[in-house]
Amino acid sequence: MTVSKRSWRRRGAFIAAATSVIGVGLCAVPAQAHAPAWSVSCSEVTVDLKAYNAKVTNTVTVSVDGKDILPTQEFGSSFSKTLPLAEHTEKLSVHLVVKAGDSQQFSLDETKTAPVCDTPKPPVTPTPSDTPSKPAPTPSESVTPSASPSESAAVPVPSPSASKPTDLAETGSSSSTPLIAGAAAVVIVAGGGIMFAARKRRSTQS
């Protein structure tokens with residue numbers, strides 16, 4: 001009887017130790033398996049929840065400055081979603097609440113800040129004063145004519161006295177005067193010859 005009692009005690013201690021080890025292991029596995037992750041930018045909120053217990057009811061809620069942009073929503077083993085943020089000129093407070101159905105230690109309650117997005121500056125359009133003004137074209141200098149059209153077109157016309165020699169004054173002679181003089185000379189020579197022949201004849205007869 002003593003031996004059997006001792007063996008049962010040893011068996012009971014071994015079973016208790018094994019049970020405690022298994023229980024610790026089971027408790028540790030969910031703690032390492034739950035993987036909540038989320039990020040906030042100036043324009044959106046990204047929620048990524050993985051490795052949750054699908055056999056229980058898990059919920060997630062996202063709010064911005066007290067207003068829900070994701071009302072409480074149930075999910076199973078995982079949940080992933082990107083939520084856009086409205087345009088804002090001041091920083092926003094984003095609040096995430098995740099409730100795990102298997103244990104409160106796996107739940108999450110965090111707040112992050114969404115910064116203001118840098119708006120691109122509009123291109124600077126040059127004003128009329130900034131643009132270099134082109135000098136107005138100066139009119140070309142007009143060439144003044146050296147003489148008026150009437151003066152340049154007028155050509156001096158030579159007077160009759162300058163272009164043609166004036167007729168000589170009549171002196172009593174004309175173009176027929178040399179002919180008359182020649183004929184008179186012939187008559188005189190002929191008369192002289194006749195007189196010479198007559199004298200020679202007379203001298204011969206006497």
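Modeller: Let us begin with a pair of residues in neighbouring strands: the bridge partner of Ala 37 in strand 2 is Asp 48. Please keep in mind that this is a predicted model, in which local features need pLDDT of at least 70 and side-chain atom pairs count only at pLDDT 80 or more, while totals for chains, interfaces and linings use all residues. Residues are numbered from 1 along each chain as its sequence is written, and side-chain values use heavy atoms, with hydrogens and water left out.

Colleague: What makes strand 1 and strand 2 a pair?

Modeller: Two strands pair if DSSP finds at least two bridges between them, and strand 1 and strand 2 are joined by 6 bridges, so they qualify, and they run antiparallel. The strands themselves are DSSP runs of E with at least two residues, whereas helices are runs of H or I with at least four residues, both numbered from the N terminus. By that count the protein has 4 helices and 7 strands, and from the N terminus on the order is α-β-β-β-β-β-β-β-α-α-α.

Colleague: Which strands are the edge strands of the open sheet, and what makes them so?

Modeller: The open sheet is formed by 3 strands in the order 1-2-5, with antiparallel pairing. Its edge strands are strand 1 (35-40) and strand 5 (79-84), and each of them pairs on one side only. From one strand to the next the twist averages 5°, where axes are lines fitted to C-alpha atoms and angles run from 0 to 180 degrees between N-to-C directions.

Colleague: Why is the contact between Asp 48 and Lys 50 called a salt bridge?

Modeller: The term asks for a side-chain nitrogen of Lys or Arg within 4 Å of a carboxyl oxygen of Asp or Glu; the closest N and O atoms of Asp 48 and Lys 50 are 3.8 Å apart, and therefore the pair meets the cut-off. The structure holds 1 salt bridge.

Colleague: What makes strand 3 largely enclosed by the rest of the structure?

Modeller: In strand 3 (residues 58-64), 7 of the 7 residues are buried, and so the strand is described as largely enclosed. Asn 58, Val 60, Val 62 and Val 64 point one way and Thr 59, Thr 61 and Ser 63 the other way, yet all are buried. Strand 3 has antiparallel partners in strand 4 (residues 67-75), through 6 bridges, and in strand 6 (residues 92-99), also through 6 bridges. Thr 59 takes part in both pairings, with Glu 74 as its bridge partner in strand 4 and Lys 99 opposite it in strand 6. Over the protein, 14% of the 206 residues count as buried.

Colleague: Why are the phi values of Ala 51 and Asp 65 pointed out?

Modeller: The reason is that most residues other than glycine have a negative phi. Ala 51, in the loop between strand 2 (44-50) and strand 3, has a positive phi of about 60°, and its relative accessible area of 38% makes it partly exposed. Asp 65 has a positive phi of about 50° and lies in the turn of the hairpin that strand 3 and strand 4 form with 2 residues between them; Asp 65 is partly exposed too, at 47%.

Colleague: How do you know that Cys 42 and Cys 117 form a disulfide, and what makes it right-handed?

Modeller: A disulfide is a pair of cysteine sulfur atoms within 2.5 Å, and the sulfur atoms of Cys 42 and Cys 117 are 2.0 Å apart, so the pair meets the definition. The torsion about the S-S bond is about 100°, so the disulfide is right-handed. This pair links distant parts of the chain, 75 residues apart, with Cys 42 in the loop between strand 1 and strand 2 and Cys 117 in the loop between strand 7 (108-114) and helix 2 (149-153). Cys 42 is partly exposed at 22%, as is Cys 117 at 30%.

Definitions and conventions: Buried < 20%, exposed > 50% of the residue type's maximum accessible area, 1.4 Å probe, protein only.
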